[in-house]
Amino acid sequence: MSPLLVRLGVLVLVTLLLSLLVWMGRRFVEMRRRQALAAEPLVLEMLPDAEKTIDGIVEVSKAGADKAEAGATKETAVRILAFSSDDCHQCHRLQAPALQRVREAMGERVTVIEVDAPASPELTQRYHILTVPSTVILDAKGHVHAVNYGFASTQRLLQQIDTVLAMTV
Amino acid sequence: MENATAAQEHALRVDTHLGKFSQGCTVLLTALAFVVNQPWLVLITALIMVLSALVPTVSPYRLLYKWVVVPLGLLRPRIVEDDPAPHRFAQGVGAAFLLAASILLFLTRLTTVGWVLDLIVFVLAGINLTVGFCAGCFVYYHLGRLGLLPRVRYEGGFHWRGV
């Protein structure tokens, strides 16, 4: 067999293995996303009580700045759970500014709830979080509408929010 | 949506189609080099990636994209929010692998190791091209966690001071 054919065979084999790996990875992520989308509604109306039971939700008070703002969030149509961690470079450099732009664009209709993923095992398990940053889009009743593993752009978040708003009108 | 458009003006941006074009070229060149057993193709790819990482404005991939691919309508720029720094770092990592491969292929008898390095770049560029997972960016962010890259100090109100 000519060396050219051997090399071509090796390349095809590597490509097939790579394709298999990619397919398995995609299936795994989609499975986790489906599980997250099927999660029980998160009842945010019980936020003060939830602070005692759902560990990560404590971060709401930090993100919301004060109790008044936390109270206002109960009227919002869309909530975004933003999973991050202190040492997550991408969370701070990309995701946080994108979420800020979403807040500026949507005003009071959207509330961003920052969740410290390492300190919030209950929420990370609930939404099958694989990485940080991750964002979970919830409607007013706490139902999950979208789960983004990895960085989600402003445009993508706005599209997902529009979908939720269109469904609730 | 006007607010949203205005709000996005200050975002970090990347032309994702230029990225895909660069990855596609890297996949093609590394595969071709291996199949036809031509180490000089590995060296050329390495030098292209060195330029892309160090001086992106004169990257041959970018020039080809800007002056041939886009004018011919083969691809259109697709600007998305993203940080260009990790992508440049990733190209630097690819360049380092290919330079190491070139040294092994030209100056030593460890040609198998050289071709393995070439195929590693082929695989990683292929993963980035097909599923958008950038292994070099992954390394970049983990180095950041270890404090080996400049840390972004974060103040309230989303103002940044120093990168």
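## Ground rules

Since this is a predicted model, local features need pLDDT of at least 70 and side-chain atom pairs count only at pLDDT 80 or more, while totals for chains, interfaces and linings use all residues. Residues are numbered from 1 along each chain as its sequence is written, and chains are lettered from A and ligands numbered from 1 in the order in which they are written.

## The two chains

Let's begin with chain A, which has seven helices and four strands. Helices (H or I, at least four residues) and strands (E, at least two) are DSSP runs, numbered from the N terminus. Along the sequence of chain A, the pattern reads α-α-α-α-β-α-β-α-β-β-α. Chain A has 169 residues, and 37% of them are buried. Here a residue is buried if 20 or more other C-beta atoms lie within 10 Å of its own, exposed if 12 or fewer, and partly exposed in between, with C-beta atoms placed from the backbone. Of the contacts in chain A with a separation of 6 or more, 72% are between residues 24 or more positions apart; two residues are in contact if their C-beta atoms, placed from the backbone, lie within 7 Å.

Chain B has seven helices and two strands, arranged from the N terminus as α-β-α-α-α-β-α-α-α. In chain B, 36% of the 163 residues count as buried. Contacts between residues at least 24 apart make up 67% of those in chain B that join residues at least 6 apart in sequence.

## Nonpolar cores

The largest nonpolar core holds 37 residues, and A:Ile80, A:Leu81, A:Ala82, A:Val102, A:Ile137 and A:Ile161 have the most contacts inside it. A nonpolar core is a set of buried Ala, Val, Leu, Ile, Met, Phe, Trp, Tyr and Cys residues joined through C-beta atoms within 7 Å. Two or more residues of this core come from each of these elements of chain A: strands S1 (78–84), S2 (110–116), S3 (134–139) and S4 (144–149), and helices H5 (89–106) and H7 (154–168). H5(A) gives the largest share, eight residues.

Within chain A, A:Leu81 touches A:Ile113, A:Val115, A:Thr135, A:Val136 and A:Leu138, leaving out residues up to four places away in sequence. A second, separate core has 34 residues, including B:Ala90, B:Val93, B:Leu105 and B:Val121.

## Two helix pairs

H5(A) and H7(A) have axes 9 Å apart and pack at an angle of about 45 degrees. Axes are lines fitted to C-alpha atoms, for helices over the stretch in contact, and angles run from 0 to 180 degrees between N-to-C directions. H5(A) and H7(A) are therefore oblique to each other; angles under 35 degrees count as roughly parallel, over 145 as roughly antiparallel, 65 to 115 as roughly perpendicular and the rest as oblique. On the H5(A) side, the contact is made by A:Ala98, A:Arg101, A:Val102, A:Ala105 and A:Met106, and on the H7(A) side by A:Thr154, A:Leu157, A:Leu158 and A:Ile161. These residues divide into seven nonpolar, one polar and one charged. Ala, Val, Leu, Ile, Met, Phe, Trp, Tyr, Cys and Pro count as nonpolar, Asp, Glu, Lys and Arg as charged, and the others, Gly among them, as polar.

In chain B, the axes of H2 (residues 16–35) and H4 (residues 60–69) come within 10 Å and cross at roughly 115 degrees. H2(B) and H4(B) are therefore roughly perpendicular to each other. B:Leu18, B:Phe21, B:Ser22 and B:Cys25 of H2(B) meet B:Tyr61, B:Arg62, B:Tyr65 and B:Val69 of H4(B). This contact of H2(B) with H4(B) has six nonpolar residues, one polar and one charged.

## Where the chains meet

Chain A and chain B each put 25 residues into the contact. On the side of chain A that touches chain B, helix H1 (3–37), H5 and H7 each give two or more residues, and H5(A) gives the most, with twelve. That side of chain A divides into 13 nonpolar, six polar and six charged residues.

## Two buried residues

A:Gln90 lies in helix H5 of chain A and counts as buried because it has 22 C-beta neighbours inside 10 Å. Leaving out residues up to four places away in sequence, A:Gln90 touches A:Gln95, A:Pro133, A:Phe151 and B:Tyr141. A:Gln90 and A:Gly150 are 60 residues apart along the chain, with their C-alpha atoms separated by 8.9 Å.

A:Leu123 is in helix H6 (residues 121–126) of chain A, and its 23 C-beta neighbours inside 10 Å are why A:Leu123 counts as buried. From C-alpha to C-alpha, A:Leu123 and A:Leu81 are 9.5 Å apart in space and 42 residues apart in sequence.
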